[in-house]
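Trainee: Could we walk through this one together? I'd like to get to know the structure piece by piece.

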Amino acid sequence: MTIEIKELTKRYKDHVAVDNLSLNIEKGEFFALLGQNAAGKTTTIKMLCGLVAPTSGDAFLEGASVVHNQIAVKNNINISPQETAVAPNLTVVENLRLMARLYGYSKIQAEQCAIAQMNIFGLLTRQHEKAKTLSGGYKRRLSVAMAMMSTPKILFLDEPTLGMDVRARRDLWSILRQLKGHVTIVLTTHYLEEVEVLADRVGIMHNGKLRALGTIQQLMSQTGKPTFEDVFLELTEGESR
Amino acid sequence: MKAVIFATRNHKEIVRDPLTLLFGIAFPVLMMVLFSVMQKNMPFALYEIETLTPGVIVFSFSFLTLFSGMLLGKDKSTSFLMRIFASPMTAADYVIGYVLPLLPIAVLQISVCILAALFLGLSLDLSVLFMGIVLIVISLLYIGLGLLLGTIFTDKQVGGIFAIFVTVTTWLSGTWFQLDMIGGAFQSIAQLLPFFHAADAARAVLSGHYEDVLLSLAIVVGYTALTFIIAILVFKGKMQE
């Protein structure tokens, strides 16, 4: 098991953002965590990345606790946040090198790893362009490539295709498909077709709780709904916060 | 080592925006020239180069507040900071990484202003060198204030707040006029805050009154420590939101 989440809860005063979440994600699995806005997805990811301390419960990533051993957790994971999160005045290759160096790579290793990721993400021709001059699609590619620079065992992608046009989104999907099986990926997105194309398994959150868990086919047969969109709407119906 | 790598990135982010940097160096020099010209046409000594130079250099440090505040504010609003927080860097790495790249800029500001002051009639002796050292210590106060602003506000808000900050702190520092010209509550408030003491310490060291430096410098160092402690605490709190 790569990720074991045990009764993870995050409470802000009277508001429970994540409520007693328990879940296991297998090694190499492409897992999609879905839900409406404020369902608790991003808070869950922040807790799993050691960015936010849980109020109670724990999660173990590659065996390391997010509560007790954050440095070990951080050495095994990486994240591509909701916003593009690139250094705007650095070039593409400088952004990539920076990430590798922050994770302890030597200059030579960082250079080799940057070239490898630029190859995978189609960034070689743009390597000397400043990140702020890139189109939205290329910024997203760079964002995910930066997250891959540390060779993470677990990769968190928080709405990686937000605001991308159809072609750019499909291009990124094709890149993400290449990563399948090599790295455990936890994806949050509002695009259900993205989940249908990429995800092995899906968890649907609503009001901080996990409402459903399984493959798309399993969820469709459990709910008796003809499309995945109908499944999602059925499971996220009810009072929203 | 990670702090130095992060500092290098931050240095590049700042110096690759040359217009802002140039403004932060050229504008104080311009003010120094203008006030020196005014002094030549005034019947009494208000803007003599020996009192004007330390004040103008302290005024130029307001731009360090702008640079550090904007950088941190932008890193926060673009989620770049979240990406960095997910890496195995320590709290000390962040603080050093943001402070270190601003010190060479402070040295550049001090050097350019002193060079301009020498052309305007300042005599070159050891006290000029001592003033430079004291000013480097003072620059940390303004860098810390920028980090505090950047932690609380977005980069756009920091830009707006800077206009108020630079006006208020310059008035309170007694750069353009002596505080006892206004006196009363204004003078009392100014003496409670560090800005007057920053300019006062630099003036005392330049005039060779070294015994007067310690108290003013101690007040500035105390405020600097307090600013950094508050900035770090707010920073940690913000990341948990």
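This is a predicted model: local features need pLDDT of at least 70, side-chain atom pairs count only at pLDDT 80 or more; totals for chains, interfaces and linings use all residues.

Trainee: Which residues touch the most other members of the largest nonpolar core?

Mentor: In general, nonpolar side chains tend to be buried together in soluble globular proteins. The largest nonpolar core here has 82 residues. Those that touch the most other members are A:Leu96 and A:Leu187.

Trainee: How many residues are in the second, separate core?

Mentor: Look over at chain B for some of its members: B:Tyr47, B:Ala117, B:Ile138 and B:Leu206 are included. The size of that second core is 59 residues.

Trainee: Now the open sheet of six strands in chain A: what is the order of its strands?

Mentor: The pairing in this sheet is mixed. Neighbouring strands are turned by 20° against each other on average, if you ignore direction. Reading across the sheet, the order is β6-β7-β8-β3-β9-β10.

Trainee: Which strands of chain A stand at the edges of that sheet?

Mentor: An edge strand here has a single partner strand, so one of its sides is left without a neighbour in the sheet.

Trainee: At about what angle does helix α9 run to β9(A)?

Mentor: Find α9 (residues 228-235) of chain A, which lies across β3 (30-35), β9 (201-206) and β10 of chain A. Its angle to β9(A) is about 35°.

Trainee: Which residue takes a positive phi in the hairpin of β4(A) and β5(A)?

Mentor: Start with β4 (residues 56-61) of chain A, which is antiparallel to β1 (residues 3-12) through five bridges. Two bridges also join β4(A) to β5 (residues 64-65), again antiparallel, with A:Leu61 partnered by A:Ala64. The hairpin has two residues between its strands, and the one with a positive phi near 50° is A:Glu62.

Trainee: Over in chain B, are α3(B) and α7(B) roughly parallel or roughly antiparallel?

Mentor: Helices α3 (residues 49-60) and α7 (residues 102-119) of chain B have axes 10 Å apart and pack at about 155°. Among the residues that meet are B:Ile49 and B:Val56 in α3(B), and B:Ile110 and B:Ala117 in α7(B). The crossing is right-handed. Angles over 145 degrees count as roughly antiparallel, so α3(B) and α7(B) are roughly antiparallel.

Trainee: Last one: which element gives the most to the side of chain B that touches chain A?

Mentor: The contact takes 20 residues from chain B and 23 from chain A. On the chain B side, the elements giving two or more residues are α1 (2-15) and α5 (80-85). The one that gives the most, with six residues, is α1(B).

Note on methods:
Residues are numbered from 1 along each chain as its sequence is written. Chains are lettered from A and ligands numbered from 1 in the order in which they are written. Two strands pair if DSSP finds at least two bridges between them. Helices (H or I, at least four residues) and strands (E, at least two) are DSSP runs, numbered from the N terminus. Axes are lines fitted to C-alpha atoms, for helices over the stretch in contact, and angles run from 0 to 180 degrees between N-to-C directions. Two residues are in contact if their C-beta atoms, placed from the backbone, lie within 7 Å. A nonpolar core is a set of buried Ala, Val, Leu, Ile, Met, Phe, Trp, Tyr and Cys residues joined through C-beta atoms within 7 Å. A residue is buried if 20 or more other C-beta atoms lie within 10 Å of its own, exposed if 12 or fewer, and partly exposed in between; C-beta atoms are placed from the backbone. Angles under 35 degrees count as roughly parallel, over 145 as roughly antiparallel, 65 to 115 as roughly perpendicular and the rest as oblique. A crossing is left-handed if the near helix is turned anticlockwise from the far one by less than a right angle, and right-handed if clockwise.
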